[in-house]
Structure formats: structure tokens, C-alpha cells
Amino acid sequence: MIDKTGGSASHFPGPLSEELKKLRDQNVPVGISSVMPVYVEKTRGSTLIDVDGNEYIDFAGGIGVVNLGHNHPAVAEAIKKQVDKSLHTCFMVVGYEPYIKLAARLNKFTPGDFPKKTAFFNSGAEAVENSVKLSKRYTGRAAIISLENSFHGRTLLTMSLTSKVKPYKYGFGPFAPETYKIPSAYCYRCRFGMTYPACDLHCARYLEKFLTVECAADNVAALIAEPVQGEGGFIAPPQGYFKVLHDICKRNGIVLILDEIQTGIYRTGGSLASNYYEVEPEMITMAKSLADGVPISALTGKAEIMDAAGPGEIGGTYGGNPLGCAAGLAVLDAIEKENIETKAMEAGKIAADRLDRMHGKFELIGEHRGLGAMRALELVKDRESKEPAPEAVKKIVKRCHDRGLIIITAGIFSNVIRLLMPVNISADQLNRGLDILEEAIAAEQEV
Ligand SMILES: Cc1ncc(COP(=O)(O)O)c(C=O)c1O
């Protein structure tokens, strides 16, 4: 039963959702799973209403896709206008203005005062695939380095670059050759047993050694990293980390690709997390909140790298579909008009203050961390041993769902609760959602 704190209806999941579940079980493979046992009827802002009329506060935002809120009016309007003009010609057959305009905007939106170009694809994984393809062609090298605890997608190559074995990789090998991993800046569980700042960013400097002991620099095309690791548990490296990595990459002719698919578009407070880390990578991948729900991904990079492939060597039938480009342009306009940066900072501050207080109150919370509005709690059985507490996370999340808060997990040990609410959520709705989360943790702490 859903109570009235988050939602407005009385049965969860309701009869219509139950009916859809039966149909789903017969027709949709189990590998495609859903966190919530309900089916959506309508979404607006930070609110989701299911087919039975139950109302939820949405702290998942379609996994970080609607940073500007569900059905943003200006974005919806831009999509409707584009529907009336043209739905598809394939940019590789006949081009269209929104593609070119969005590319020009993203070339300015991304850091770095050098000539840039942008190509569009359908999904985050596809943008990552193409960043690797272009890096290989540009450098003439074969190997790619990624980080432990990373997530870059579910295709063969992006799965190979990804870290978490279950559920992402188990039984799906063999993986793409010449893919290597180095430890990430997971300070809470440092792989080198060190402590920041005394470590002097040892994990970043380790790349130098890696290029001697594991894979020769002149074989490495690119290093790809999320500025804040998303699925890995919202792991934000200390300031300075990416400067060290980038410096080593530059000295060795390695392309640095920052995967901003989850961190981008004001999730971490500013427009891109690369700006926070004061790094100008050669390439940036973006997707998710770029178009507030229309599938599109972007790869923006140094013009000379982006031009390394000849005509027809990159692209795809649907890449940069007019609806996605129109939506992307509307998102960028709305960001400017609606002061999204300030709103994202405010939402991040409210969440950070409350999660800090929860950390002080509940032993179960090993660490509160994040950047801007990208915040998470890592739960442990015991703060001394740091033994992960995935079972407690499951129960807490279920309690939140029952009370009308949609919230999701992350973490290499599945013991992290993450917040991906729209960054323009009202303070009232954000606090109501955090109340539900706090009560759910309190109930678990008492068990
Ligand atoms: C950092 C990062 N890279 C890549 C992806 C893959 O994106 P998609 O699911 O659109 O292929 C994701 C998805 O969660 C992501 O968070």
C-alpha cells in the first residue's frame, strides 16, 4: 500500500499495473528489468503518475535523463514543431538545420578553446563506441584504457570497458581485445590503501607505471573515464585528479575521452563536470539529459580527431534524428532562460546538507559523497570493516517505493543509493522525497 506522503492513490501496484505486468512477462524478456512494478501513465516535472493514478516523486529521472524535469514545456513544444516539419531523412542522405545548429552549440558548450566538431548518435554506448573508433584511427593505435568501477554501456566494446561483472558482463564474454583497466579514484575504498591528500593522487600517477608494466604507451589510443563514476557509485575524484591523468596522456600521445553521459547537463552543478575539474579533454561524450528524453547522443571533440574518419566511416541511419536535435536545442535554450545552473546548485546543496545530517545520524551510512546534484549514500554493515550492505539498500529502496518515492541504486557492490532528481525540482518536493528516504533509513537502522 502506498501512503499519502509521496503519492496520492491507495494501491501499489494497482490492478492496471498488475495486468500490464502479466502481458509484459509473456512478451518482454526478463533481461530487460524494471525497478518499479508499476507502469507510467503521465509524467510532469519531478512527478510521475502510474496507470492506476498513483503519484510518485521521481528521484531517478529516467536514470539522469530529465535533469530539466519531465515534459519540459519548451522542449515538448520544440518536438511538436519538428514533427510537423520532418521526422526523418537520415542526415547521411539529406541534412537538416537542427543537426548543424546543435553541433555548433555543443562545440561552444564544451570546454577547450580549440576547433571542435560534433557527431550525433542514438545512445550513450554508441557515442562511446565512436569515440574509440576515432581515437584509434587518429592515433593508429589499438589499446583503450578505462577505469575500475566504470560504466560505459552494454554493447560488446562498451561492456568490455565497463567494470561491474554482474549484471553487466557475466557470461557475455569473450570481451573486446586490447581493453585495459586501471584503479579509479575510489577514495573510500582506495585500491592502494592510501588516504587523500597524503596519497598525492597516486592512483592518477599510477598510469605512468601502467604504461611500463602493462601496455606500452605507443599502443594506447585513448583513456576513457567518467568524471564522476555513475553506475559505479557516484565516485567523484579529488580535484586535480584529471589534470594529472590528462598530463600523462598528453605526454604519451593518448587521447583523453571524458564520458559525461551521466554527469553532463548540470547534473554536477555546472554544465559539465569537466569544467569543475578544469580539464579540457580531447573528446567528450554526452547523451541522457541532452534532449530531456528524446534518444540522442553526442560526441564532441578536437576537429582534427573528429575528422580522422573519412566520409561514410562513421554515422548511422538514425544518428542525430531531427526530433533529438530540436529537443537538444530547446534544452540548451531553456538552460539559459531558466537559470538552471543556480537551480542545480541549490538542489545539490539542499540534498548534500540533508544527506550529511543523515550520515551523522545513521551508522549504516558509510559515506555521503557526490558533486552538485549528483549525490549518493554508500551503506555498510559496519563503518570499521566497510562491509557493503546491499540487503539494507534493497529494503530501504523498497520502503521508498512503497511510500511514493522513485529512487534507484548504484555501486560496484550494489550498496549505494543515488539521487538523480530533476535539478530544477522544487525545494518542497525535494525535501518531501528526502523525508521519505530518511524515514526509510531510520526504519532499517532500528531493525
Ligand atoms: C557514463 C555512462 N556512459 C555510457 C552509458 C550508456 O548509455 P546508453 O544506455 O544510452 O547506451 C551510460 C548509461 O547509463 C552512462 O551512465
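In which sense do strand S3 and S14 pair, and over how many bridges? Strand S3 (residues 55-58) pairs with S14 in the parallel sense, over two bridges. Strands here are DSSP runs of E with at least two residues, helices are runs of H or I with at least four residues, and both are numbered from the N terminus. Two strands count as paired if DSSP finds at least two bridges between them.

The model is predicted: local features need pLDDT of at least 70, side-chain atom pairs count only at pLDDT 80 or more, and totals for chains, interfaces and linings use all residues. Residues are numbered from 1 along each chain as its sequence is written, and side-chain values use heavy atoms, with hydrogens and water left out.

**Ligand site**

- A backbone N or O atom of glycine 124 lies 2.8 Å from a ligand oxygen atom, and a polar backbone atom of alanine 125 is 2.8 Å from an oxygen atom of the ligand.
- From the side chain of lysine 288, an N or O atom is 3.0 Å from an oxygen atom of the ligand.
- On its own the ligand has 400 Å² of accessible area, and the protein covers 82% of this; such areas come from the Shrake-Rupley method with a 1.4 Å probe, and for residues only the protein chains shown count as cover.

**Sheet**

- Four strands form an open sheet with mixed pairing, in the order S1-S2-S3-S14.
- Strand S1 (40-44) and strand S14 (405-406) are at the edges with a single partner strand each, so one side of each has no neighbour in the sheet.
- S1 and strand S2 (residues 47-50) run antiparallel and are joined by four bridges; threonine 43 has leucine 48 in S2 as its bridge partner.
- The hairpin of S1 and S2 has two residues between the strands, and glycine 45 in this hairpin takes a positive phi near 55 degrees.
- Opposite leucine 405 in S14 stands isoleucine 57.

**Salt bridges**

- The count is 27 salt bridges, each being a side-chain nitrogen of Lys or Arg within 4 Å of a carboxyl oxygen of Asp or Glu.
- Lysine 21 forms a salt bridge with aspartate 25, with the closest N and O atoms 2.6 Å apart.
- Both lysine 21 and aspartate 25 lie in helix H1 (residues 15-27), four residues apart, about one turn of the helix.

**Loop backbone**

- The peptide bond from glycine 173 to proline 174 is cis, with omega near 0 degrees; proline 174 is in the loop between H6 and S6.
- Tyrosine 196 and proline 197 are also joined by a cis peptide bond, with omega about 5 degrees, and proline 197 lies in the loop between S6 and helix H7 (202-213).
- Cysteine 90, a residue other than glycine, has a positive phi near 75 degrees and lies in the loop between helix H3 (73-85) and helix H4 (97-109).

Conventions: Polar contact = N/O pair within 3.5 Å; in protein donor to acceptor, adjacent residues only side chain to side chain.
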